[in-house]
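Please find below a colleague's note on the model, arranged as numbered points. Each point keeps to one region or one kind of feature.

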Amino acid sequence: MSMEAGIGVMGTKLGMMSYFETDGTVVPVTVVGFREGNIVTQVKTSATDGYDAVQVGYRRARDKKLTKPELGHLGKTGVIPMRHLQEFRLQSVEEFETGQKLAVEEILKEGDLVDVSGTTIGKGFQGGIKRHNFKRGQMSHGSKSHRALGSIGAGTTPGRVYKGKKMPGRMGGSKRKIRKLKIMKIDDELQVVMIKGAVPGKPGNLLRITPAKIVGKNIPKN
């Protein structure tokens, strides 16, 4: 797990809209909402766990939605049952304690750059054209190669298909991080954050928002 530039929060993607700046510039933004949660469930230290990290829980869940080990882990710290648990590895965890509520408006500020990670929209099993942007063959003039993949190897030598060959397969549904997105607006009343640009996933997806990592500035070079 890589080091984070600072403590982050989890949110729910609500959708996209247009945001108008004071000079009339239209900016496409993603609206991120925050449900009940973003509570510290465990503080890990080098002495007890071998590294410094803060575990955060998000989105309240019914007891029957969690396993007994999960309920026992959360019950030990006296926090509500939560659906998602994620760790943020930090350089120092002295200022955090279990049960602490992370306030979004204190962690994120308008104009800040953030890294947003989530799960991309699943596309199912797709062909080479959609998955890898391959070109198709002619659809007329006697061509018999339209959307087929074509050659996938050299021949007797090497007598196999090279690892990593771009071929049809499962597309999407993978974890992706979009780096250095700007926070355009924070609405404390509606409990939403507007982030410039697109982020992974569809509306309702879980997002992980952390301060943008800038080597040498907020994280060490080594």
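1. Asp187 is found in strand β9, which spans residues 175–187; helices (H or I, at least four residues) and strands (E, at least two) are DSSP runs, numbered from the N terminus. With a relative accessibility of 23%, Asp187 counts as partly exposed, where buried means under 20% relative accessible area, exposed over 50%, and partly exposed in between (1.4 Å probe, protein chains only). A polar atom of the Asp187 side chain lies 3.0 Å from the backbone nitrogen of Leu190. Between Asp187 and Ser143 the C-alpha to C-alpha distance is 57 Å, while the two are 44 residues apart in sequence.

2. A word on the basis of the note: this is a predicted model, in which local features need pLDDT of at least 70 and side-chain atom pairs count only at pLDDT 80 or more, whereas totals for chains, interfaces and linings use all residues. Residues are numbered from 1 along each chain as its sequence is written, and side-chain values use heavy atoms, with hydrogens and water left out.

3. How many salt bridges does the count come to? The count comes to four, a salt bridge being a side-chain nitrogen of Lys or Arg within 4 Å of a carboxyl oxygen of Asp or Glu.

4. Arg208 belongs to strand β11 (residues 206–211) and Glu4 to the segment before β1 (9–20), so the pair ties together parts that are 204 residues apart in sequence. Both Arg208 and Glu4 are buried.

5. Another salt bridge is formed by the side chains of Glu87 and Lys44, with an N to O distance of 2.4 Å. Distant parts of the chain are linked by this pair, since Glu87 sits in strand β5 (residues 82–89) and Lys44 in strand β3, 43 residues apart. Glu87 and Lys44 are both buried.

6. The side chains of Asp115 and Arg179 also meet in a salt bridge, at 3.8 Å from N to O. Asp115 lies in strand β6 (residues 113–119) and Arg179 in strand β9, so the pair ties together parts that are 64 residues apart in sequence.

7. Which residues gather in the patch of negative charge on the surface? They are Glu105, Glu106, Glu110 and Asp188, given that patches are made of residues with over 30% relative accessible area and no salt bridge, with like charges joined within 9 Å and nonpolar side chains (Val, Leu, Ile, Met, Phe, Trp, Tyr) within 5 Å. Glu105 is placed in helix α3 (residues 104–107) and is partly exposed, its relative accessible area being 34%.

8. A patch of positive charge on the surface gathers Arg35, Arg62, Lys64, Lys65 and Arg83. Among them, Lys64 has its place in the loop between β4 (53–60) and α2 (68–77), and at 67% relative accessibility Lys64 counts as exposed.

9. The loop between α4 (128–132) and β8 (169–171) contains Pro158, and the peptide bond from Thr157 to Pro158 is cis, with omega near 10°. Asn133, in the loop between α4 and β8, has a positive phi of about 60° although it is not a glycine, and Asn133 is exposed with a relative accessible area of 68%. His141 lies in the loop between α4 and β8, with a positive phi near 60°, and is exposed at a relative accessible area of 73%. For background, most residues other than glycine have a negative phi, and most peptide bonds are trans.

Definitions and conventions. Areas by Shrake-Rupley, 256 points an atom, 1.4 Å probe, with all protein chains shown as cover. Lys, Arg positive; Asp, Glu negative; His and termini not counted. Charge placed at Lys NZ, Arg CZ, Asp CG, Glu CD. Polar contact = N/O pair within 3.5 Å; in protein donor to acceptor, adjacent residues only side chain to side chain.
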